[in-house]
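Q: Walk me through this one feature at a time, please. Give me the general idea, then the case at hand.

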Amino acid sequence: MESSVPDFILFLGRFHPLVVHLPIGFLIFAFMFELYGRWKRDSTVSVGIEFALLAGALSAAVACVLGYMLSLSGDYEQAMLDTHFWFGIATTLVTFFAWSIRSGKLNIPKLSGLKPNMAGLTLVVVLVGITGHYGGNLTHGSDYLVKYAPFGRKEKVVLPPIDKLEDAAVYDYLVNPILDAKCTSCHNSSKKKGGLSLQDSMAITKGGKNGEAFIAGDVAKSEMMRRVMLNPHHEDYMPPEGKTPLTDEEKSILSFWIEKANADFRVTMGELETPEEIISIASNILGLEDVTGKSGIPLPKVGLVNEEILKDIAGAGFKVRELIFESGLYEAVLPPHFIDSKNGDDLDGKLEKLLPMKDNIIWLSLKDNGVQDRHLKTIGQFVNLQKVELEKNPITDMGIAEITGIQSITGLNLYQTKITASSFDNFIKMKGLERVYAWGTAITEEEVARFAEKQNRPAIIMGM
C-alpha cells in the first residue's frame, strides 16, 4: 500500500507520535485541575480547565488526522489499528462535548441536576487510557503493557535444556532468539514494518511487501540479510538507528541457517555439515563446551543477577539481554547517541550502574556514545568481557592500555576511534584477543602488514 500513497502524506503521518502526546497532557491537566477545584472549592481554575479542554480537543483532532495518514503505510495490523483509530475519534468527540458543556456553548437542561463536567472529564481520561493502550500495542506489540505484570501473564515458553549441540534445532535454539531480541519489536503481528512479521515460522514464510525475508539456500538474495549487511548509514540498513544492530556472530548464524539449513524450521545441528566457526559460535550461545577449541575462552561460571539491579540498569538506558537462559551471562548495550555533548558527564554514572554485575557482562556495546579514556578504566573492571564494541568514540592508545588486563576479550571493535599503531603492543598483551576492527583509524595498511609478521597476535581488520 505504501507505494500508492504520496510520500508527503507519509511524511506528515510520521508526526503523529509527536503530536499525540499534546492532547494527553492537556486532558490530564484538565482532569487534575477539576479535582483540585472541587477539593479546594476554587472556581478560578475553571478558565484553565476550559482552555485545556479546547487545546486537548484541537490537538486530538490533529493527531487523528496524522494518525490516519500514518496508517496508510500499511505497516500495522488492521483490526487493532481500527480499534485504536475509532477510540481516538471517540476521545476527540467526547473532549469537544466536555468543552462545550464547560464553556457554556452547549446547555442541556436535563443535565442541570448532575455533574456533567466531572463525568465528562472522567470519561475523557478513561478514553485516553484505552486509546493509548491500543496505540502502544500497535507500536510495541499486543503484550507491551502487561508483559511484566505480576499477574495474568503468559508463561514464557522455555526450550528444554540440551547437553549436545547436535540436538539443538537451528531455528528454535539459535535463529529465533536472535530475531526475538533484535527484530520483532518492529516486525510482529501488531506492527508489521514493510508488511513483515518475524514472530513465528508462518509469518516468516509469508514474507512482506518486498517478498520473502529469507530465500532458502541463497543468502545473497535474502532481503533481510541484504539489509543487515549494508553500511549502517544506508537508508535500507536494518535495524534502524536507535535499535541494537546484529553482531557478526548473529549474522553468521542467520547466514548458516539460510544457506546450509535451507531456512528449515525443524532441522537440527546434528543433521547438517557444520563449519567449525559456526560450531564454536553456537556452543558459546548455548553455553555448551566448544569442542573445536576455536573460542579459546570458556564461558565463566557466575551467579544470577538480582532483578532490582537489572531494573536499575535498564532505567539508566542500557538494553540488557541474558545470552543463555539462566546462565547469568549478559549483553549490555547503550544505544548509539544516548550520550551526547549535552549530557556527556552522565556516562560516568551510567557505567557505575553496571559495576554490581560487572562479572556477568560478557558482551558490551558503547558505540558512538562519547566514551573517553577515563571510562575505559571503569570498563577494565569487567574481567569476563569477551566482545567489546567501542567504535566511533574519541578513545586513544592510553585508553586501550586500561583494558589490557581483560584476558577474555576475543573481539574488539575500534572503528573510527583515535587509536594508532602504538596500540599493537597492548593488543598482544590481551592473550584471548583474536580480532580488532580498526578501519577509520590512524592505523595504516603498511603498519598492519608489518604487525601480521609477529607471532601470537590478533588479526587487524581494516575493512569489510
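Q: In which sense do strand 5 (residues 411-413) and strand 6 (residues 435-437) pair, and over how many bridges?
A: Two strands pair if DSSP finds at least two bridges between them. Strands are DSSP runs of E with at least two residues, helices are runs of H or I with at least four, and both are numbered from the N terminus. Here, strands 5 and 6 are joined by three bridges and run in the parallel sense. G411 has R435 of strand 6 standing opposite.

Q: Before we go on, what should I know about the values?
A: Residues are numbered from 1 along each chain as its sequence is written, and this is a predicted model, where local features need pLDDT of at least 70 and side-chain atom pairs count only at pLDDT 80 or more. Totals for chains, interfaces and linings use all residues, while side-chain values use heavy atoms, with hydrogens and water left out.

Q: In what order do the seven strands line up in the sheet?
A: The order is 1-2-3-4-5-6-7, in an open sheet with mixed pairing. Its edges are strand 1 (319-322) and strand 7 (459-461), each with pairing on one side only. From one strand to the next, the twist averages 15°; for such angles, axes are lines fitted to C-alpha atoms (for helices over the stretch in contact), and the angle between N-to-C directions runs from 0 to 180 degrees.

Q: Which way does strand 1 run relative to strand 2, parallel or antiparallel?
A: Antiparallel, with four bridges joining the two. R321 sits opposite E331 in strand 2. On the other hand, strands 2 and 3 run parallel, also through four bridges, and there E331 is opposite W363 of strand 3.

Q: How do I read the faces of a strand?
A: In a regular strand the side chains alternate between the two faces of the sheet. Then check burial: buried is under 20% relative accessible area, exposed is over 50%, and partly exposed is in between (1.4 Å probe, protein chains only). Strand 2 is covered on both faces, with Y330 and A332 buried on one side and E331 and V333 buried on the other. In strand 3 (residues 361-365), five of the five residues are buried. Over the whole chain of 464 residues, 45% count as buried.

Q: Where does helix 7 (170-182) bend, and by about how much?
A: The bend at a residue is the angle between axes fitted to the seven residues ending there and the seven starting there. Helix 7 bends by about 35° at N176, and the proline P177 follows within four residues. Its 13 residues reach 17 Å from first C-alpha to last, close to the expected 18 Å; that expectation is 1.5 Å times one less than the number of residues.

Q: Which elements do the buried residues of helix 7 pack against?
A: A contact means heavy atoms within 4.5 Å. The buried residues of helix 7 include Y171, L174, I178 and K182. Their packing partners are helix 8 (201-206), helix 9 (223-228), helix 10 (248-259), helix 11 (276-286), strand 1 and strand 2 (330-333).

Q: What does E249 touch, not counting residues up to four places away in sequence?
A: I281, K387 and R435. E249 lies in helix 10 and counts as buried because its relative accessible area is 18%.

Q: Why is D373 classed as partly exposed?
A: Because its relative accessible area is 22%. D373 belongs to helix 14 (residues 373-379). Leaving aside neighbours within four places in sequence, D373 is in contact with I395, T396, M398, G399 and E402. D373 and G399 are 26 residues apart in sequence, with 4.0 Å between their C-alpha atoms.

Q: Which atoms of D373 and G399 lie 3.3 Å apart?
A: A polar contact pairs N or O atoms within 3.5 Å; within protein, one must be able to donate a hydrogen and the other to accept it, and residues adjacent in sequence count only if both atoms are side-chain atoms. Here the backbone nitrogen of G399 is 3.3 Å from a polar side-chain atom of D373. Another case comes at the start of helix 12 (residues 307-315), where a side-chain oxygen of N306 reaches to within 2.7 Å of the backbone nitrogen of E308.

Q: What about backbone torsions?
A: Look at phi and omega. H337, which is not a glycine, has a positive phi near 70°, and D368 is another non-glycine with a positive phi, of about 55°. M238 and P239 are joined by a cis peptide bond, with omega about 0°.
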